[in-house]
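Subject: Handing over the structure

Hello,

Here is the structure I promised to pass on to you. Have a look through it first, and then read my notes below.

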2 protein chains.
Amino acid sequence: MKEIPTKIYLSEKEMPTHWYNLRADMKEKHAPFIHPVTHKVCIAEDLYPVFLKKLVEEELDHTNRLIEIPCEVREFYKMFRPSPLVRAYCLERALDTPAEIYYKFEGNNTSGSHKLNSAVAQAYYAKQEGLTSLTTETGAGQWGTALSMACAYFDIDLKVFMVKVSAKQKPYRKAVMETYGATVVPSPSDTTKVGRKILANSPKTGGSLGCAISEAIEVALTSDKCRYVLGSVLDHVVLHQSIIGQECKIALDKYGVTPDIIIGCAGGGSNLGGLIAPFMADKINGKSNTRFIAVEPASCPSLTRGKYAYDFADTGKTTPLIKMYTLGSGFMPSSDHAGGLRFHGMSPIISKLHHDGYFEAVAVEQTAVFEAAIKFARTEGILPAPESAHAIKGAIDEAIKCKQTGEKKSILFGLTGTGYFDLSAYSAYNSNMMKDYIPTDKDLEKGFASIPVVE
Amino acid sequence: MKEIPTKIYLSEKEMPTHWYNLRADMKEKHAPFIHPVTHKVCIAEDLYPVFLKKLVEEELDHTNRLIEIPCEVREFYKMFRPSPLVRAYCLERALDTPAEIYYKFEGNNTSGSHKLNSAVAQAYYAKQEGLTSLTTETGAGQWGTALSMACAYFDIDLKVFMVKVSAKQKPYRKAVMETYGATVVPSPSDTTKVGRKILANSPKTGGSLGCAISEAIEVALTSDKCRYVLGSVLDHVVLHQSIIGQECKIALDKYGVTPDIIIGCAGGGSNLGGLIAPFMADKINGKSNTRFIAVEPASCPSLTRGKYAYDFADTGKTTPLIKMYTLGSGFMPSSDHAGGLRFHGMSPIISKLHHDGYFEAVAVEQTAVFEAAIKFARTEGILPAPESAHAIKGAIDEAIKCKQTGEKKSILFGLTGTGYFDLSAYSAYNSNMMKDYIPTDKDLEKGFASIPVVE
């Protein structure tokens, strides 16, 4: 067997030319979107006023296995891809485990995460469709930064509604987006009807993702040349993120490695879905017996404690209804929670696969996540995003089990991004100011009460 | 000719096994250190109480061309090296220039800069020499972060004296260092004699690099198991940074490219010296006619307006005297200056090469530097450190000249790091709050007055 280098970079010629559409290989497809008012199945025309045409087409395509990556998107990908697949030799030594640990590192770009993979495609489609501007929302700011970079490249105006409290806490995230030419509006704002309404009711609110989505959608609806885009949950985002898994598979195949376990952090599910896509196809088709593990925060446990039901993607209850694992759009994770992955729902693809038994899920507490993050940083030299550190925690736990059993399993996990803009959370951990938070059953019941009844 | 990919990564087998010691090829060596009190030439024994033995040996070695990189250091290098050599196709298109532009990107690691190349070596030597702790100073925090990472890996305690005003302005830099286990002490502090003395005289001072160096040295002198290390200026640091130029040369040779122009930003000179090292050897030996350009800030213009003289490296006047281009250790760049590269002196190697006509130098103003930085960020997708952006500015200027003359020159520049911790400066630029500052002749005279008289 060939010696495995610390980092495997594909050459440009080895890079994938197509995204892989996992839905084409799923034995059972996930349930379709349902219209929030009529409760009928959504068709493309229902989605066009808000979303880009090409994205709607990708969203509804459950049959084509491979979808060509446009040439212009592949050109942009070359600036920050291939991302390295890393053999974590130092972490293996530190854990004294017989396991082989690999991670796919998506943080080597200025957005600091995998979000850029989809942002580029979306901005390119906007250009192709003759649009002049896009709107979106951002919480922690990774998606907003990625989209700012993509829009700067394709010369598209971008308005980002950033949750007000995040904009205050993370002024530097705002500054990055502005440096890339985006307009950043702390939300709720007085620039939209919905924003003014919210401000009239709660002048001092720090805002929420749900509110920011509503403002972004309102702006998109006011112009023929503008659309709303988003960076997770939906199938077209998972499709674009399949570049992650495709690159991993090509790299591992070169060295004859088939992962025994693949681990990803689970927020909206786009990274996780993209990472596992080609490997899951092998499992579905009986070619492998890989275990898949989603790691989610115990404070926002949609897969481990949520319901599999139709629900809204936003707290404003304006989106189509999506069949997914959900805590209810009214569920709010504790403000003590620093580790990202705060979404109440989950990608419908991931949800369906979990429901059908292809996927395990574990929930972990944030102090344990930061402990794992720091162990990783000190041995592998990369300060991870708190979100990514959930996957690190999962991988370390599995590697320790291998030590106990003596098994030489190969573990692959997704390192979605860097923690350079999350240092207030690290400071809180370093000074013992971080607490864990697990919602009670009563907390969950409150969230569940917000899930609509769909016949 | 082979098609040149956007990014060239060396394989592990192609990576350099030796640092290249440029001094061995210099026709004339630079003048030796002089003892600050006796004014006699420094010998190794003068340096041992403060510096690591192995570093002193490297510092005084003017004859061995190649110095083997220890196996353990090469192992660490694999975690973040090879760094990519990037063909800036997008920037070339945006500038509509016939020039080929390449840059070596050293920012793909958590320290965010090239500083890690030397930090690893220094921490490793400390371990080898049986030391248990190191001290250093840091201003903006890149060096302190890099050394924290290296010390975490080799299990060495580290105390970083961070200029107090920087520690306040950049709490997140402090948090990164602490996450890697370093103790960060805002300087001046009450933990050292020199710190207490300074505080007694100026209780409200924001500190300075000179003061932080003095505190770090005082601590190193108190223990047999502790030494002081630093991250620029000295020859052993330039030696370690030669990994940058070595990797560039191997990559470019594969594609038959000899740079017509090599451009680097000039602060203390370690990145610049490392980048140019193997290419300069070819020039000295008559094998190439490459032009070398150092780009420095107009607000701290040591090469373009300084004197070539013996001077102290610190404002506290405790270091050996170094023959270099200097503005005088008493020179203070304007506090309006946001773009880094604030050192009053310059690497003795770079200084000597400039003095002997091998090197050009240009000074640029910070608003022009940030303009270039943003053009680069929006086309090449990387938000550069303000320091690195000086080299970008130099490269863009040369590429525009090529457009005017129609010459298809190949330009290589060093992109030393990322600007993720410099966003307050970007914000200032974005909101038109940034001003330029050029010292008057009178300002310079004041600095020159602090240069000691050495017979």
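Predicted model: local features only at pLDDT ≥ 70, side-chain atom pairs only at ≥ 80, totals over all residues.

Which residue is the bridge partner of Leu85(B) in strand 5 of chain B? The partner is Lys104(B).

Residues are numbered from 1 along each chain as its sequence is written, chains are lettered from A and ligands numbered from 1 in the order in which they are written, and side-chain values use heavy atoms, with hydrogens and water left out.

**The sheet in chain B**

Seven strands of chain B make an open sheet with mixed pairing, in the order 1-4-5-15-10-11-14. Strands here are DSSP runs of E with at least two residues, helices are runs of H or I with at least four, and both are numbered from the N terminus. Two strands pair if DSSP finds at least two bridges between them. At the edges stand strand 1 (7-8) and strand 14 (360-364) of chain B, each with a single partner strand, so one side of each has no neighbour in the sheet.

Starting from strand 1 of chain B, two bridges join it to strand 4 of chain B in the antiparallel sense, and Ile8(B) has Leu85(B) as its bridge partner there. Strand 4 (residues 85-87) of chain B is in turn joined to strand 5 of chain B by three bridges, again antiparallel. On to strand 15 (residues 410-415) of chain B: strand 5 of chain B pairs with it in the parallel sense over six bridges, with Leu415(B) as the bridge partner of Phe105(B).

Strand 5 (residues 100-105) of chain B is largely enclosed by the rest of the structure, because six of its six residues are buried. Buried means under 20% relative accessible area, exposed means over 50%, and partly exposed lies in between (1.4 Å probe, protein chains only). Glu100(B), Tyr102(B) and Lys104(B) point one way from this strand, Ile101(B), Tyr103(B) and Phe105(B) point the other way, and all are buried.

Ile263(B) sits in strand 10 (residues 261-265) of chain B and counts as buried at 0% relative accessibility. Leaving aside neighbours within four places in sequence, its contacts (heavy atoms within 4.5 Å) include Leu275(B), Ile293(B), Ala391(B) and Phe413(B).

Ser299(B) lies in the loop between strand 11 (291-297) and helix 13 (302-305) of chain B, and it is buried too, at 3% relative accessibility. Among its contacts beyond four places in sequence are Phe331(B), His337(B) and Tyr437(B).

**Some backbone details**

Most residues other than glycine have a negative phi, and most peptide bonds are trans. The bond from Arg81(B) to Pro82(B) is cis, with omega near -5°, and Pro82(B) is in the loop between helix 3 (71-80) and strand 4 of chain B. The bond from Ser187(B) to Pro188(B) is also cis, with omega near 5°. Val233(B) is not a glycine, yet its phi is positive, at about 70°; Val233(B) is buried, at 7% relative accessibility. His39(A) has a positive phi as well, near 60°, and is partly exposed, with a relative accessible area of 33%.

**How the two chains meet**

A rotation of 180° with 0.0 Å of shift along its axis superposes chain A on chain B, at an RMSD of 0.0 Å (by least squares on the C-alpha atoms of residues with pLDDT of at least 70 in both copies). The two copies are thus related as by a two-fold rotation axis. In chain A, the C-alpha nearest the axis belongs to Asn108(A), at 3.0 Å.

In chain A, Thr179(A), Arg378(A) and Tyr420(A) lose the most area to chain B.

Happy exploring!

Methods. Buried area = accessible area lost by both parts, 1.4 Å probe.
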